[in-house]
Amino acid sequence: MAQLFIRNTKTLHIRPNGRSADFITPNFIYGCAGGCRNSYCYVMRHNHESIYVNENVDQILRIIDKHLNSLPLKIPNQTDPKYWTYDIGCSTDVSLHWKHTNWLKVFEFFKEHFAAKATFATKYVNSKLLDFNPNKKVRIRFSLMPQNISLILEPNTSPIIDRIKAINTFIEAGYEVHLNFSPIVAYEGWLNDYEILFKDLSELIKEQHKPFIKAECIFLTHNDKQHERNILSNRFESEALIWKPEIQESKISEYGGKAVRYKAKVKSNFIQRWTVLHNRIIPWNTIRYIF
Ligand code: SF4
């Protein structure tokens, strides 16, 4: 289990992103105890042993404020038509680690800022967040995959059906909610499982919310060192799903790390088939990007 450390971070850079958000904030928390830490989680490629809770929240917020002051008016893009978006949970799970820092102060900052919106992906439904109404200035991206492989790849995270039901609840509490199909893992029968997932979404998301739902869709990446560590901890079933050298190739990730992904031709075939199924069952969902 990862060890928890309290500290002040000195890494105070804001990184441009352009996918999940316009920018990535400095880490409020770096590390995670999530159920996916011993399978595909990219944070674990760099920090498996520790969870650093960065106490200098005020300093980080001042840096974000200064950064915002340096920006021109937002030009609409796929991250948001109106606000500059900041991913506040790129290196942790905000809902899971809710009690470990003053997230409410962070949420409050974004709620009150005229030009900014916060966003984070999560695999956990935490009803404590419902006590706060962010007035649509915090976007939660519920991470979704078929339940049968979620049990193998991300044990002890919230059941997929609970994440789907939470979409209505969180929208009605004042959050903006998007879907995060990540990672998309291809295996024998994957599209049958995605059909079930899409049908559940179609059935359980209220009609009035559907026009506002959007999704990011990200196919699996993995890493050789992470694979070796997972095998050493006997994660054979999980690794059989995500380590497939015959259809994977090496790549250098956006921030310079080594990773493997599905081979380009294989992936474009996967994307095409997944998108056709998606468009047949949940055409109301806008795909923000897929890769
Ligand atoms: S919840 Fe997110 S950050 Fe935490 S272990 Fe899973 S993938 Fe990693």
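**Helix packing and the open sheet**

Colleague: How do α1 and α2 run relative to each other, roughly parallel or roughly antiparallel?
Modeller: In this predicted model, helix α1 (residues 57–69) packs against helix α2 (residues 103–112) with axes 11 Å apart. The angle between the two helices is about 20°, and angles under 35 degrees count as roughly parallel. The relation of α1 to α2 is therefore roughly parallel.

Colleague: Which residues of α2 make the contact with α1?
Modeller: The crossing of α1 and α2 is right-handed. On the α1 side, the contact is made by V57, D58, L61, I64, D65 and L68. The residues of α2 that take part are K105, V106, F109 and F110.

Colleague: How many residues of the contact of α1 with α2 are nonpolar?
Modeller: The contact includes D58 and D65 of α1 and K105 of α2. Three of its residues are charged and no residue is polar. The number of nonpolar residues is seven.

Colleague: How do α5 and α8 stand to each other, roughly parallel or roughly perpendicular?
Modeller: Helix α5 (residues 190–204) and helix α8 (residues 264–281) have axes 10 Å apart and pack at about 30°. Because that angle is under 35 degrees, α5 and α8 are roughly parallel.

Colleague: What is the handedness of the crossing of α5 and α8, and how many residues of their contact are charged?
Modeller: The crossing of α5 and α8 is right-handed. Residues of α5 including W190, Y194 and F198 meet residues of α8 including F270, W274 and L277. The contact of α5 with α8 holds eight nonpolar and two polar residues, and its charged residues number four.

Colleague: Which strands stand at the edges of the open sheet, and why do they lack a neighbour on one side?
Modeller: The sheet has eight strands with mixed pairing, in the order β2-β3-β6-β7-β8-β9-β10-β14. Each edge strand has a single partner, so one side of each is left without a neighbour in the sheet. The edge strands are β2 (15–16) and β14 (286–290).

Colleague: Which residue of β3 stands opposite P16?
Modeller: β2 pairs with strand β3 (residues 23–24) in the antiparallel sense over two bridges. Opposite P16 in this sheet stands F23.

Colleague: At what angle does α8 run to β14?
Modeller: α5 touches β9 (176–184) and β10 (214–219), and its direction makes about 170° with that of β9. α8 lies across β9, β10 and β14. The angle of α8 to β14 is about 175°.

Notes:
Residues numbered from 1 in each chain as written. Predicted model: local features only at pLDDT ≥ 70, side-chain atom pairs only at ≥ 80, totals over all residues. Heavy atoms only, no water. Axes fitted to C-alpha atoms, helices over the stretch in contact; angles between N-to-C directions. Helix = DSSP H or I, 4+ residues; strand = E, 2+ residues; numbered from the N terminus. Parallel < 35°, antiparallel > 145°, perpendicular 65-115°, else oblique. Left-handed = near helix turned anticlockwise from the far one by under 90°. Contact = heavy atoms within 4.5 Å. Nonpolar A, V, L, I, M, F, W, Y, C, P; charged D, E, K, R; others polar. Pairing = 2+ DSSP bridges.
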